[in-house]
Amino acid sequence: MSLRIVSFKKVFQGIYSLLKGMNVTLHYLLHPSTVVTQQYPENRETLQMNERYRAQLIIQHDENDLHKCTACQLCQNACPNASIHVIPRKGPVTGKPELDYFIWRMDTCTFCNACVMVCPFSVLKMNGTFETAVFDRDLLTYNLTHYAGPTSTVLAKVSDPEERKKMIEPRNIYLDKK
Amino acid sequence: MKVETIAERVSEAWPHHPLIALGYLLGCLAGSALFLSVLGLVLIYAERKIAAHFQCRLGPMRVGWHGTLQTIADTLKLVLKEDIVPSQTDRFLHLIAPFLCLLGTVLAFMVLPMAPWLQISDLNIGVLYITAISGLGVLGILLGGWSSNNKWSLLGAMRAGAQIISYEISATLALLVVVLFSGSLQLSEIVQSQASGWWIWRAHGVGLVAFVIFLIASTAEINRTPFDIPEGESELTAGFHTEYSGIRFAFFFLSEFISLFVVAGLTATLFFGGWMPFHIGAWATFNQIMDFIPPLFWFFSKTALIVFVIMWFRWTFPRLRVDQLMKLEWKFLLPLGFANLFVASVVILENWYFFPK
């Protein structure tokens with residue numbers, strides 16, 4: 001066993017680091033703005049969810065309520081447990097394949113984000129709308145597209161509004177049960 | 001100011017008016033019980049709120065205004081809960097352990113001079129009494145851990161025993177410095193001796209070192225983080241009170257918070273002049289203004305400050321390992337305490353301290 005005198009430098013360094021830690025915690029105590037707790041049910045109107053929070057899958061629609069999905073089905077293939085079904089249709093005007101239904105089964109989704117990462121047009125996104133509880137399991141099967149039809153880039157080339165209307169058919173957030 | 005204790009009043013009234021003496025006693029009992037339980041509630045609430053804000057949280061917010069009624073609700077829950085005694089335990093010891101633990105702290109509370117007119121008993125060996133009686137708390141913890149028939153509890157209790165007994169030495173060495181300076185073991189006299197200046201700076205240097213040693217050692221004695229290895233959630237589930245539930249658990253909890261108050265009060269009494277107002281040498285007007293603030297307020301604000309500092313420690317520092325704990329005590333605090341005591345005695349012999357008597 002070696003004789004070692006207490007290193008005074010070490011002692012003072014230790015005390016300094018302890019004081020530094022106390023300074024950090026005191027800063028938190030004295031600045032209520034550092035509080036991150038959200039009083040959820042009370043602040044429902046002003047609640048700000050974090051950017052990266054994953055609660056619901058959406059297809060991003062632009063201001064004209066159009067999206068950029070080409071129904072390429074990459075997300076469907078990337079989905080680890082087959083929660084996504086991309087159903088294309090043959091366009092009534094263009095004759096080319098376009099998105100008809102985008103079915104997302106929330107009850108089996110693990111929110112792994114693989115579909116979002118794989119999407120070549122950055123159409124898919126996870127958002128923070130977390131109040132999705134329903135009383136019927138069927139209501140957890142969503143249709144994410146607002147319309148059946150071609151992408152916004154294709155539609156931008158069509159100048160005639162009448163012509164556009166022919167290409168688009170509205171879709172509900174649930175599958176229409178006819 | 002003449003210190004008038006409740007014990008004196010009782011003994012004065014006893015030969016002539018036994019009923020009045022009895023009334024004093026009962027009033028004192030009821031008053032202390034009420035005060036201590038309210039104190040427990042307030043301290044638990046304060047601890048939770050302060051802890052929350054140290055960690056960027058809000059703490060209790062739902063029950064009452066800013067969660068003020070939360071501790072009452074929790075206490076109610078604990079009282080109504082089933083008091084489970086595990087099978088194959090030492091039943092009797094298991095039942096009395098929390099009460100022993102509480103007894104130790106309440107008995108120590110007895111000699112605290114809170115104001116010139118508010119002290120339950122003014123023993124002439126007050127400091128010695130406190131150091132002796134705080135050993136009773138260890139007994140409660142040890143019995144609680146032993147009788148639980150649970151290896152984690154036993155380990156926690158053993159750790160508590162080792163820790164408290166070790167740190168008591170340092171705490172006593174730090175107390176002795178103040179006892180040397182004030183020349184008395186009586187707490188009221190220690191307070192009186194600080195009329196011209198508190199020992200923390202009047203005993204220059206030595207008092208400050210003694211204060212730091214005492215603060216560290218007493219934090220360890222009441223088993224609070226960074227010295228909470230007897231409970232160490234991540235290691236021993238909950239240590240000695242793992243097997244306790246309901247009201248008995250509440251008693252352990254209460255005793256922890258009352259001992260926090262007692263330790264803070266003792267620190268305030270010894271180093272910050274107890275109920276003595278803050279005076280600066282020759283500033284007569286300033287001193288007079290300070291005298292207008294009642295002594296009770298002085299005592300409680302000083303105690304609250306030290307309670308806050310101990311809570312601050314708890315929510316900042318990580319827990320020490322057992323070997324680090326022992327190393328800190330035996331290799332650092334104890335030699336420092338002895339050196340400090342030696343220097344203090346030299347200072348007193350040579351009369352080197354400020355404001356001579």
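**Exercise 1. Determine how far helix α11 of chain B is covered.**

Solution. Of the 26 residues of α11(B), 22 are buried, so the helix is mostly covered. Here a residue is buried if 20 or more other C-beta atoms, placed from the backbone, lie within 10 Å of its own, exposed if 12 or fewer, and partly exposed in between. Helices are DSSP runs of H or I with at least four residues, strands are runs of E with at least two, and both are numbered from the N terminus. The model is predicted: local features need pLDDT of at least 70 and side-chain atom pairs count only at pLDDT 80 or more, while totals for chains, interfaces and linings use all residues. Residues are numbered from 1 along each chain as its sequence is written, and chains are lettered from A and ligands numbered from 1 in the order in which they are written.

**Exercise 2. Describe the largest nonpolar core.**

Solution. A nonpolar core is a set of buried Ala, Val, Leu, Ile, Met, Phe, Trp, Tyr and Cys residues joined through C-beta atoms within 7 Å. The largest has 84 residues, and those touching the most other members include B:Ala174, B:Phe214 and B:Leu260. Its largest share, 15 residues, comes from α11(B). Apart from this core lies another, of 17 residues, among them A:Trp104 and A:Tyr142.

**Exercise 3. Characterise the side of chain B that touches chain A.**

Solution. Two residues are in contact if their C-beta atoms, placed from the backbone, lie within 7 Å. On this basis, 12 residues of chain B are in contact with 12 residues of chain A. Helix α2 (residues 18-54) of chain B gives the largest share of chain B's side, 3 residues. By class, that side has 9 nonpolar (Ala, Val, Leu, Ile, Met, Phe, Trp, Tyr, Cys and Pro), 2 polar (the others, Gly among them) and 1 charged (Asp, Glu, Lys and Arg) residues.
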